[in-house]
Amino acid sequence: MNDGKLRFDDDFDNEFINLSMWDQLGKILDSTSASEVVDVKRFRAVNTVLTDDGVTITVTAREAQKIKDVLLCLKTPVRANVIKQLQMSLGMTNMLSMVQKALEK
């Protein structure tokens, strides 16, 4: 802990250029629940993720929740591999497409 900030020396997160997709999806979900308690003038919704290849992708809270649900169904080593794939725009757009189709049903 330096400067009042918690720091984790986690090899998993160090592999990514940007914040891990798991955390970015969590911020979208947190943003949705915060909108109910934060003053509208001060609230700034989070509805995008940034992939490690620099592409910004819009994700709804419902889609973010579904992606996290899918990830939680996977065993940890597989989940880690899928999250690595989601860090790139191709992996994220493929997952988002799959989730959108599932949510349409």
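## Gln24, a buried residue

Gln24 is buried in this predicted model. Its relative accessible area is 9%.

What does Gln24 touch, leaving aside its neighbours within four places in sequence? Gln24 is in contact with Asn18, Leu19, Val49 and Leu50. Leu50 also takes part in a contact between polar atoms. Its backbone nitrogen lies 2.6 Å from a polar atom of the Gln24 side chain.

## Where H2 meets H3

Helix H2 covers residues 21-34, and helix H3 covers residues 61-72. The two helices pack together, with their axes 9 Å apart. The angle between them is about 135°. That makes H2 oblique to H3. The crossing of H2 and H3 is left-handed.

Which residues make this meeting of H2 and H3? From H2 come Trp22, Leu25, Gly26, Ile28, Leu29 and Thr32. From H3 come Ala61, Ala64, Gln65, Ile67, Lys68, Leu71 and Leu72. Sorted by type, the residues of this contact are nine nonpolar, three polar and one charged.

## Where H3 meets H4

Helix H3 also packs with helix H4, which covers residues 76-86. The axes of H3 and H4 come within 9 Å. They cross at roughly 145°.

On the H3 side, the contact is made by Ile67, Leu71 and Leu72. On the H4 side, it is made by Arg79, Val82, Ile83 and Leu86. Six residues of this contact are nonpolar, none is polar and one is charged.

Ser89 lies in helix H5, which covers residues 89-104. Is Ser89 buried or exposed? Ser89 is buried, because its relative accessible area is 16% and the cut-off for buried is under 20%.

Which residues does Ser89 touch, not counting those up to four places away in sequence? They are Thr51, Asp53, Val55 and Ile57.

Definitions and conventions. Residues are numbered from 1 along each chain as its sequence is written. This is a predicted model: local features need pLDDT of at least 70, side-chain atom pairs count only at pLDDT 80 or more; totals for chains, interfaces and linings use all residues. Side-chain values use heavy atoms; hydrogens and water are left out. Helices (H or I, at least four residues) and strands (E, at least two) are DSSP runs, numbered from the N terminus. Buried means under 20% relative accessible area, exposed over 50%, partly exposed in between (1.4 Å probe, protein chains only). Contact means heavy atoms within 4.5 Å. Axes are lines fitted to C-alpha atoms, for helices over the stretch in contact, and angles run from 0 to 180 degrees between N-to-C directions. Angles under 35 degrees count as roughly parallel, over 145 as roughly antiparallel, 65 to 115 as roughly perpendicular and the rest as oblique. A crossing is left-handed if the near helix is turned anticlockwise from the far one by less than a right angle, and right-handed if clockwise. Ala, Val, Leu, Ile, Met, Phe, Trp, Tyr, Cys and Pro count as nonpolar, Asp, Glu, Lys and Arg as charged, and the others, Gly among them, as polar. A polar contact is a pair of N or O atoms within 3.5 Å; within protein, one must be able to donate a hydrogen and the other to accept it, and residues adjacent in sequence count only if both atoms are side-chain atoms.
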